[in-house]
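This report describes selected strands and loop residues of one protein model. Please consult the sequence and the structure shown below while reading.

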Amino acid sequence: GTTLLAVVATTPGVSSLVYSLAGVGKDGTLSPVPTFLLTQNGTLVVNGSLSYKAQSFYLLQATAKNPLTQRLGIARVLVNVTSVYIPPTIAPLSPLYLPQNLPLGSVVTVVTATGQNGGPLRYGIETGVLAIDSQMGVVTLAGNLTLGNFTQVVMVSDTSQPPLSSRANLSVIVLPATPLVLQFVSPVLNLTVPNNTTAGTVVAVLQASVTGGGGSVGVQYSVVMQSLAVSFPFFLNGTSGELYASRDLLYASGDLYMLQVIAMVTNTSSTLSATAIVFIRIIAVNGNAPVFSKPVYTAYLLEKSPPGTLNISVLATDKDSGSNGQVWYRLSNATFLSIDNVTGFITNLQALHYELVKRIDVIVTATDLGTPPQSSAANVTVIVLDINTAPSIIAIDPPHPTVNQSAVAGFVVAVARAFEPDFPTISAGVVFSITGE
């Protein structure tokens, strides 16, 4: 709505002209320019927001048209956008009501501000009992409080050149001391930790805070008593209250541990302390799948070997304990083989003929008894070995042949049939010969 200037055109005898406005591009082309408006009385006004960083100047073309003759008058206008820096805006600061015995380091408020010129803001505060984080604006207690009222000035500056800053007063009313009590959020903790927990894992966070002011600032934690164990598998961070597993718990299913933790605060007028008891039970989870000793098992079996001759064992182990570590075996597509589900012992169910079955490939699966169960698989190959068995004559037709003296060469006297065990059909694979007179 800001008026910039008047673009006035006159034509003798014409009282009203038609005005229009366009933007001029770098290549001279004209396009609409919604940021500005040329009214019908020739006034150029701002029709949208201007940003120096987005566009520092506009080249405009104003046109006045004679509605009677359609003749045009043209003028060009250069609009330069100047940069105007605005200092940061500090959000209103409410008065602070602080107890006189508030522990040092307590967070009392957070100063927030917005900058108009981009870039990060920097926070500061005049020297006094309050301190401020220069990047986050967090105000903390840095000195002892005395009854009464006081004010400290907060400063916020931007990173423009030159930098601009704003100031605001932070009023503090110091109240008489209130009783301070240190308390654990949970004085008794019952934890269950899975037995696949690895070293360095946080299993719990112990939290104690000062009621009456101060929160959890300056609280220190320590273990004063723990279970009598050969290797106590936990470690307490004295600053954060985080309880870590100090070693892997993969094989510790069913163990129960107890520790007593004390929290202390010494940055107050008197030392405060509180105690918590923590019970930790290690529970079994099915965290591991069975693992076979090798991916492929190979065995050899002579053909015609009776059932039960094959002797091959597969083995899969599971790192879990209890039922989670117990393994159950099974075979897939095992027409000729069987497996002991507990031991993994594999044998043949029947005698095999090399001419019919030369090789058996099956998959053995090992599944644990956990919930949910986990499994893995291995390949089993049985190679059947050939045995060359002698053929036997089973028939001569006729059994007692006779030959006429006049028979000519090539006359069929008799037909012999034989069985070759290595071939499935009669006389297949057999070569006949005759000896004698």
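## A three-stranded open sheet

Three strands, in the order β10-β14-β13, make up an open sheet with antiparallel pairing. Strands here are DSSP runs of E with at least two residues, numbered from the N terminus, and two strands pair if DSSP finds at least two bridges between them. The edges are formed by β10 (107-110) and β13 (130-132), each of which pairs on one side only. Direction ignored, neighbouring strands of this sheet are turned by 25° against each other on average; the strand axes are lines fitted to C-alpha atoms, and angles between N-to-C directions run from 0 to 180 degrees.

Strand β14 (residues 138-141) is joined to β10 by three bridges, and the two run antiparallel. Within this pairing, Val107 stands opposite Thr140 of β14.

## Basis of the model

The model is predicted: local features need pLDDT of at least 70 and side-chain atom pairs count only at pLDDT 80 or more, whereas totals for chains, interfaces and linings use all residues. Residues are numbered from 1 along each chain as its sequence is written, and side-chain values use heavy atoms, with hydrogens and water left out.

## Strand β17 and its partner

Four bridges connect β17 to the antiparallel strand β20 (residues 208-211). Phe184 has Ala208 as its bridge partner in β20.

## Asp320, a buried acidic residue

Asp320 is located in the loop between β29 (316-317) and β30 (327-332). Asp320 is buried but has no salt bridge, and the nearest side chain of opposite charge, that of Lys319, is 9.4 Å away. Buried means under 20% relative accessible area, exposed over 50%, and partly exposed in between, using a 1.4 Å probe and protein chains only. A salt bridge requires a side-chain nitrogen of Lys or Arg within 4 Å of a carboxyl oxygen of Asp or Glu; Lys and Arg count as positive, Asp and Glu as negative, while His and the chain ends are not counted.

The side chain of Asp320 does reach the backbone nitrogen of Asn288, at 2.8 Å. Beyond residues up to four places away in sequence, Asp320 touches Val285, Asn286, Gly287, Asn288 and Gly325, where contact means heavy atoms within 4.5 Å.

Val285 belongs to the loop between β25 (272-283) and β26 (291-292). With a relative accessible area of 23%, Val285 is partly exposed. Apart from neighbours within four places in sequence, Val285 contacts Pro194, Asn195, Asn196, Asp320 and Asn324. Val285 and Ser323 are 38 residues apart along the chain, and their C-alpha atoms are separated by 9.8 Å.

Conventions. Polar contact = N/O pair within 3.5 Å; in protein donor to acceptor, adjacent residues only side chain to side chain.
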